Amino acid sequence: MFSDSGDRIARTQIEQMQNGKYVVMGFYDTTTQELEWYGKEKWYSSKGPPPDSTIIRESILTVASELYYIVAIFAFIGLALAAGTFIFNNKYAFRGIIVQSQPQCNNIMISGCSLCIASLFLMGLPSEGITLPQSAFSILCHSRISILMIGFTFAYGSMFAKVWIVHRMSASENQQLASRQKDEEDGSPWESIRTLIASVVGRQAYVAAALRKVSNNAYGTLAVSRRINTLNQVTTH
């Protein structure tokens with residue numbers, strides 16, 4: 001027999017295998033929802049009965065303290081070098097070699113590298129011996145990724161700007177060199193010779209056109225006179 005919900009209406013027998021044999025532990029009546037338990041169960045571990053569902057336990061993944069301290073030391077060295085480079089770049093900004101290297105881009109690049117290095121301190125948290133409250137994890141995750149992204153943008157963007165500036169400078173220098181060579185060619189004696197030859201050829205063309213026009217006019221006059229003489233002879237006869 002089955003109930004309206006589809007459950008079987010019967011007494012459910014509960015068994016456990018002990019030493020290779022099934023032993024009845026009790027009965028469960030679905031109609032009265034009563035459990036008849038004999039207390040003969042045996043557990044083969046000190047933890048009691050096995051769990052009937054997945055147990056979720058939160059644990060914090062930490063970094064070894066030795067590794068974190070080593071990375072922190074190298075990060076401090078990198079920040080010190082970045083600070084020294086920044087001071088050197090500003091102190092000798094009037095020198096030509098510093099001016100040509102775009103000191104503004106250098107400062108932005110140093111700032112970006114410093115931010116990337118500073119993000120290492122947050123990347124290693126929490127570590128062994130350094131604990132943080134649970135409410136700070138969200139801020140920690142967002143801040144270290146944001147600092148790394150901003151630092152990379154500054155460093156890579158300034159480097160790309162330096163490359164673009166060098167490209168534009170070299171392109172303008174090439175254009176100036178090409179125009180200078182063209183001006184030199186225009187002022188050379190070969191250019192005057194080419195101009196003289198072109199003018200002579202042009203004059204010859206003008207002379208040939210004029211002679212052709214004169215010859216056409218003369219031929220036309222002779223033809224008209226011949227026609228008049230022919231007409232006069234015909235009239236006389």
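Author: Q13 stands opposite F27 in β2. This is a predicted model, in which local features need pLDDT of at least 70 and side-chain atom pairs count only at pLDDT 80 or more, while totals for chains, interfaces and linings use all residues. Residues are numbered from 1 along each chain as its sequence is written, and side-chain values use heavy atoms, with hydrogens and water left out.

The strands β1 (residues 11–18) and β2 (residues 21–29) run antiparallel, joined by eight bridges; two strands pair if DSSP finds at least two bridges between them. Helices (H or I, at least four residues) and strands (E, at least two) are DSSP runs, numbered from the N terminus. Two residues separate β1 from β2 in this hairpin, and N19 in the turn has a positive phi of about 55 degrees.

Now for the helices. L67 is found in α1, and L67 counts as partly exposed because its relative accessibility is 48%, where buried means under 20% relative accessible area, exposed over 50% and partly exposed in between (1.4 Å probe, protein chains only).

There is also a UniProt record: its unreviewed entry annotates residues 67–88, 108–125 and 145–165 as "transmembrane region"; such annotations may be inferred rather than shown by experiment, and positions follow the numbering used here, with feature names shortened. In the model, residues 108–125 are 89% helix and 0% strand, with end C-alpha atoms 27 Å apart. Residues 145–165 are 100% helix and 0% strand, and the end C-alpha atoms lie 30 Å apart.
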